[in-house]
Amino acid sequence: IMKLLVAALIPTIASAFVSTVTTSVSSRSAVATTKLAVATGPNGKAASSKEEDLALTLQIIMQSLASQDDGDTIVDDDDDDDSAAPVQEEPKAEKKKKKPQPQEAAPVQMDVSKLDIRVGVILEAWEHEEADKLFCEKIDIGEEQPREIASGLRAYYKAEDLVGKRVCVLANLKTRKLVGFPSHGMVLCASNDDSVVFVNPPDDAAIGERVACAGFDGEPATENADGKKKVLEAVFPDLKTDSNGVASYKGVPLTAGSGNCVAEGGMADAQVS
């Protein structure tokens, strides 16, 4: 009976074995184990007959089929297998935070409000020893000490004519040496092709009072402010006397006390600097 059963099963076993090997993608180690099992009997002993060989073969094939069903031995190479371990993506490098851009400095206001013009009076005046065009002056503009200022007026005035004159002084300038003399400020004058004269404040203007210009009420620049030269270059072209000799900025009079600042002698349509 055993022989008949085995003989009857051989085609089925062979077919199952061939189908299993063909359709499954087994690892090399599994195939090697199968060959080793067929060549030996139970517990590693040599097989004693063809019947035992076939029985063992049937047993191994059935175990192989069971393993295939359980998914323990057979390797499935299907790329779409959901059970495959997910591929870990490399962490993306963190983007560097952009440094905040420094804010641009506000544009410098280019008008007469940046000029600190003060009412002053000349206390002393003398001729520069080395410069034949310069006067050296001490001018009170309401500070603790008088300012020392040099003016290129020797062609138009005498030293004795200067003492006691009330003048307008551009005060927010750095001290600079003029032919060795440290000049700290500038006296405002009106000039045309023929002459140069002082711009005089009203008689009731207080010494040290700041000269005003209606509509231009900003704070003056400091002596060390950046861009001071550009401010002067922008403002001076619009600083002129009108037809009555009144010193004006863009047609607006410069004022102090109760009145206007006027070029000496009423010099009209002249440049002020």
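# Close-up views of side-chain contacts and a pocket

**View 1. The side chain of arginine 147 reaches the backbone oxygen of histidine 184 at 3.0 Å.** The model shown here, as in every view below, is predicted. Arginine 147 belongs to strand 3. Another backbone oxygen, that of alanine 171, is reached by the arginine 147 side chain at 3.1 Å. Arginine 147 also takes part in a salt bridge with glutamate 143, in which the closest N and O atoms lie 2.8 Å apart. Are the two partners buried or exposed? Arginine 147 has a relative accessible area of 6%, under the 20% cut-off, so this residue counts as buried. Glutamate 143 has a relative accessible area of 39% and is therefore partly exposed.

**View 2. Arginine 210 and aspartate 116 form a salt bridge.** Their closest N and O atoms are 3.9 Å apart. Where in the chain do the two residues of this pair lie? Arginine 210 is in the loop between strand 9 (196-200) and strand 10 (212-213), while aspartate 116 is in the loop between helix 3 (50-70) and strand 1 (117-127). The pair thus links distant parts of the chain, 94 residues apart. Arginine 210 is partly exposed because its relative accessibility is 26%. Aspartate 116, at 13% relative accessibility, counts as buried. Arg118 joins Asp116 and Arg210 in a network of salt bridges. The structure as a whole holds six salt bridges. As a general point, side chains of opposite charge can pair when their charged atoms come close.

**View 3. Glutamate 127 and arginine 154 meet through their side chains in a salt bridge.** The N to O distance is 3.3 Å. Glutamate 127 sits in strand 1, and arginine 154 sits in the loop between strand 3 (147-151) and helix 4 (159-162). These are distant parts of the chain, 27 residues apart, and the pair links them. Glutamate 127 has a relative accessible area of 45%, so this residue is partly exposed. Arginine 154 is partly exposed as well, with a relative accessible area of 23%.

**View 4. Tyrosine 157 and phenylalanine 198 form a tilted aromatic pair.** The structure holds three aromatic pairs. In the pair of tyrosine 157 and phenylalanine 198, the ring centres are 4.8 Å apart and the angle between the planes is 35 degrees. Why does this pair tie together separate parts of the sequence? Tyrosine 157 lies in the loop between strand 3 and helix 4, whereas phenylalanine 198 lies in strand 9, so the parts brought together are 41 residues apart in sequence. Tyrosine 157 is buried, its relative accessible area being 11%. Phenylalanine 198 counts as buried too, with 0% relative accessibility.

**View 5. The rings of phenylalanine 216 and tyrosine 249 make an edge-to-face pair.** The pair is classed this way because the ring planes are at 85 degrees, and the ring centres are 5.1 Å apart. Phenylalanine 216 lies in the loop between strand 10 and helix 5 (228-235), and tyrosine 249 lies in strand 12 (residues 247-249). The pair therefore ties together parts that are 33 residues apart in sequence. Phenylalanine 216 is partly exposed, with a relative accessible area of 23%. Tyrosine 249, at 1% relative accessibility, counts as buried.

**View 6. The side chains of serine 113 and aspartate 111 make a polar contact.** The distance in this contact is 2.4 Å. Serine 113 is found in the loop between helix 3 and strand 1. With a relative accessibility of 1%, serine 113 counts as buried.

**View 7. The second largest pocket has a volume of about 270 Å³.** Which residues lie nearest the centre of this pocket? They are Ala150, Ser151, Gly152, Met186 and Val187, out of a lining of 15 residues. Strand 3, strand 5 (176-178) and strand 7 (186-187) are the elements that give two or more residues to the lining of the second largest pocket. By type, the lining residues of the second largest pocket divide into eight nonpolar, five polar and two charged. In general, empty space is found by rolling a probe the size of a water molecule over the atoms.

Key:
Residues numbered from 1 in each chain as written. Predicted model: local features only at pLDDT ≥ 70, side-chain atom pairs only at ≥ 80, totals over all residues. Heavy atoms only, no water. Salt bridge = Lys/Arg side-chain N within 4 Å of Asp/Glu carboxyl O. Helix = DSSP H or I, 4+ residues; strand = E, 2+ residues; numbered from the N terminus. Buried < 20%, exposed > 50% of the residue type's maximum accessible area, 1.4 Å probe, protein only. Phe/Tyr/Trp six-rings, centres within 6.5 Å; stacked < 30°, edge-to-face > 60°. 1 Å grid on protein atoms, 1.4 Å probe; cavity = no way out; pocket = protein on both sides within 12 Å on 5 of 7 lines; lining within 4 Å. Points joined across faces, edges and corners; volume = space filled by probe spheres on them. Nonpolar A, V, L, I, M, F, W, Y, C, P; charged D, E, K, R; others polar. Polar contact = N/O pair within 3.5 Å; in protein donor to acceptor, adjacent residues only side chain to side chain.
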